[in-house]
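Reader: I would like to learn how to read salt bridges in a model, and then the overall build of the chain. Please take one feature at a time.

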Amino acid sequence: MQTQNPGLIDVTRLSKKLCQTSIDCKLAYATQQNFLGRIVDGYHPDAAHICLMASSAAHALCAVQNSLSELQLGLFVFDSYRPLRAVRDFGRWMHLAVHDDHELVRKEIHYPHIGKNQLAQMGYVCDHVSDHCYGDTIDLTLIDLKNKTLLDMGACFDFFDELSHSTATVEMIGVDALKHRQILSNAMQAVGFIPYEKEYWHFTFREREIEVPIDIAITAELGESSWPS
């Protein structure tokens, strides 16, 4: 079992050094406000503001933040490095009966038109190994730097539906949401992040530094070991 940080960097800390405005982060899976309706295995509530990535991806993300600052926009991260145990937790959960009413509430928010057992086969949730486990993939959106509010993207984070696809039209999501998605995607692709066609928030960096999936829980202690470099 891995016990030491294999080279992950806390992007929020790095952005405080390299960016005019720092990157915001609140890991959705370290809270109950996600598609499962509970904290996911490998995430600790005291580490919800720690955004871990491999070095090259972390520095590239800071470049995105700096380019967006000129538009008075910034990045807000929902997930970055994801422990392998979390992916396996997703896989187990997808085959379990509904746990409680809170899970039903989260279903209406995140996947109202399909069953939880369809999420993997439809390409929304990995149940074995995710690109996130290598520290080069990130889930994020745009924030207005003036009032610190999330911009309209036409669908919430982890909304598993065609509204979240790159093919969503202006008739489906509206003029503002389409514009905001294009701004985010263009800024990310300009520095080497590759978008995922089914999730407007999901990008993977072109260079993979870490060759094996990581399975270290995200804790405050891990964050302390992830000093920017």
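Reader: Which residue forms a salt bridge with Asp 139?

Author: In this predicted model, a salt bridge calls for a side-chain nitrogen of Lys or Arg within 4 Å of a carboxyl oxygen of Asp or Glu. Asp 139 pairs with Arg 82, and their closest N and O atoms are 3.4 Å apart. The two belong to distant parts of the chain, 57 residues apart: Asp 139 sits in strand β5, Arg 82 in the loop between β4 and α3.

Reader: Is Asp 139 buried or exposed?

Author: Buried means under 20% relative accessible area. Asp 139 has 2%, so Asp 139 is buried. Arg 82 is also counted as buried, at 6%.

Reader: How many residues apart are Asp 89 and Arg 92 in helix α3?

Author: Three, which means that about one helical turn separates them. They form a salt bridge with closest N and O atoms 3.7 Å apart. Asp 89 is buried, with 6% relative accessibility, and Arg 92 is partly exposed, with 45%.

Reader: How many salt bridges does the structure hold, and how many positive and negative side chains does the chain have?

Author: There are 11 salt bridges in the structure. The chain carries 19 positive and 30 negative side chains, and the centres of these two sets are 2 Å apart.

Reader: Why is the chain called as compact as a globular protein of that length?

Author: First list the elements: seven helices and eight strands. Then compare the radius of gyration with the globule rule. The radius is 17 Å, close to the 17 Å that the rule gives for 229 residues, so the chain is as compact as a globular protein of that length. The C-alpha trace spans about 50 × 45 × 30 Å along its principal axes.

Reader: What percentage of the residues count as buried?

Author: Of the 229 residues, 54%. As for contacts between residues at least 6 apart in sequence, 77% join residues at least 24 apart.

Technical notes
Residues are numbered from 1 along each chain as its sequence is written. This is a predicted model: local features need pLDDT of at least 70, side-chain atom pairs count only at pLDDT 80 or more; totals for chains, interfaces and linings use all residues. Side-chain values use heavy atoms; hydrogens and water are left out. Helices (H or I, at least four residues) and strands (E, at least two) are DSSP runs, numbered from the N terminus. The radius of gyration is taken over C-alpha atoms; the globule rule is 2.2 Å times the number of residues to the power 0.38. Buried means under 20% relative accessible area, exposed over 50%, partly exposed in between (1.4 Å probe, protein chains only). Contact means heavy atoms within 4.5 Å. Lys and Arg count as positive and Asp and Glu as negative; His and the chain ends are not counted. The place of a charge is taken as NZ of Lys, CZ of Arg, CG of Asp or CD of Glu.
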